[in-house]
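Thank you all for coming.

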Amino acid sequence: DLDPTVIDEIRCGPYRALFQPELLISGKEDAANNFARGRLIGKNIIDLCLSRIRRFAGYCNRLQGFIIYNSVGGGTGSGLCSLLLEGLSVDYGKKSKMAFSIYPSPQISNSFVEPYNSILSTHTFLEHTDVAVMLDNEAIYDICRNSLGIEYPVQTNLNRLSSQLISSLTASIRFGGNLNTELNEFQRNLVPYNRIHFMTSS
């Protein structure tokens with residue numbers, strides 16, 4: 001993340017044991033919800049990010065590809081993530097890249113530049129991902145309110161629902177069995193043409 005306070009919360013929070021400390025990388029200032037600023041400031045840390053990815057990818061016996069999680073409304077999720085995807089395409093062009101991206105909605109938006117960030121980020125997904133799963137923030141909010149009976153959903157509720165969906169979609173990659181698949185099979189089974197690789201969950 002470009003904002004150091006977010007990473008500091010993870011380093012000190014209850015989930016700190018889930019992450020290797022050297023893989024928690026942060027910048028010195030945030031992207032101010034701006035795609036261009038995210039790309040500009042992201043250039044300061046992108047080489048460090050890619051070198052850590054290269055090192056840990058080297059530990060893999062058989063690297064299948066990469067799964068990227070981001071929100072495209074803000075500057076870091078759109079700008080820095082686009083730099084990261086471009087770097088992964090250069091270093092690992094043949095490996096599958098699958099993105100799970102949360103798209104903003106006008107009803108619960110907190111910034112008027114979110115639609116622009118989304119459009120610019122989607123252009124990067126078009127060129128540098130093999131499968132992109134789009135998660136609509138407003139739809140997730142409505143599911144929490146209407147189907148789960150949560151009158152005033154908070155960020156934790158939205159994140160838990162999103163993580164449950166992603167966990168269900170990726171279960172066949174993470175666990176063995178008859179339905180076990182590889183990352184590139186998502187593309188083979190779900191993408192009819194290379195440029196039409198945007199999925200929505202239902």
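Predicted model: local features only at pLDDT ≥ 70, side-chain atom pairs only at ≥ 80, totals over all residues.

Let me begin with Ser 101, which touches Asn 70, Val 72, Phe 125, Val 133, Met 134 and Leu 135, leaving aside residues up to four places away in sequence; a contact here means heavy atoms within 4.5 Å. Residues are numbered from 1 along each chain as its sequence is written, and side-chain values use heavy atoms, with hydrogens and water left out.

Ser 101 lies in strand β2, and it is buried, with a relative accessible area of 1%; buried means under 20% relative accessible area, exposed over 50%, and partly exposed in between, with a 1.4 Å probe and protein chains only.

Now to the chain, which has 8 helices and 4 strands, where helices (H or I, at least four residues) and strands (E, at least two) are DSSP runs numbered from the N terminus. Followed along the sequence, these elements give the pattern α-α-α-β-α-β-α-β-α-α-α-β. Of the 202 residues, 36% count as buried, and among contacts with a separation of 6 or more, 74% come from residues 24 or more positions apart.

How does the radius of gyration sit against that of a compact globule? With 202 residues such a globule would come near 17 Å, and the chain has 17 Å, which agrees; the radius is taken over C-alpha atoms, and the globule rule is 2.2 Å times the number of residues to the power 0.38.

Finally, the structure holds 1 cavity of 30 Å³ or more, where a cavity is a set of points on a 1 Å grid over the protein atoms alone at which a 1.4 Å probe fits but cannot get out, and lining residues have an atom within 4 Å of a point. The largest cavity has a volume of about 30 Å³, a volume being the space filled by probe spheres set on the points, with grid points joined across faces, edges and corners. Its lining is formed by Ser 96, Lys 97, Met 98, Asp 130, Val 131, Leu 183, Asn 184, Phe 186 and Gln 187, and the elements giving two or more residues to that lining are β2 (96-103) and α8 (183-190). Of the elements, α8 gives the most, with 4 residues.

Conventions
1 Å grid on protein atoms, 1.4 Å probe; cavity = no way out; pocket = protein on both sides within 12 Å on 5 of 7 lines; lining within 4 Å.
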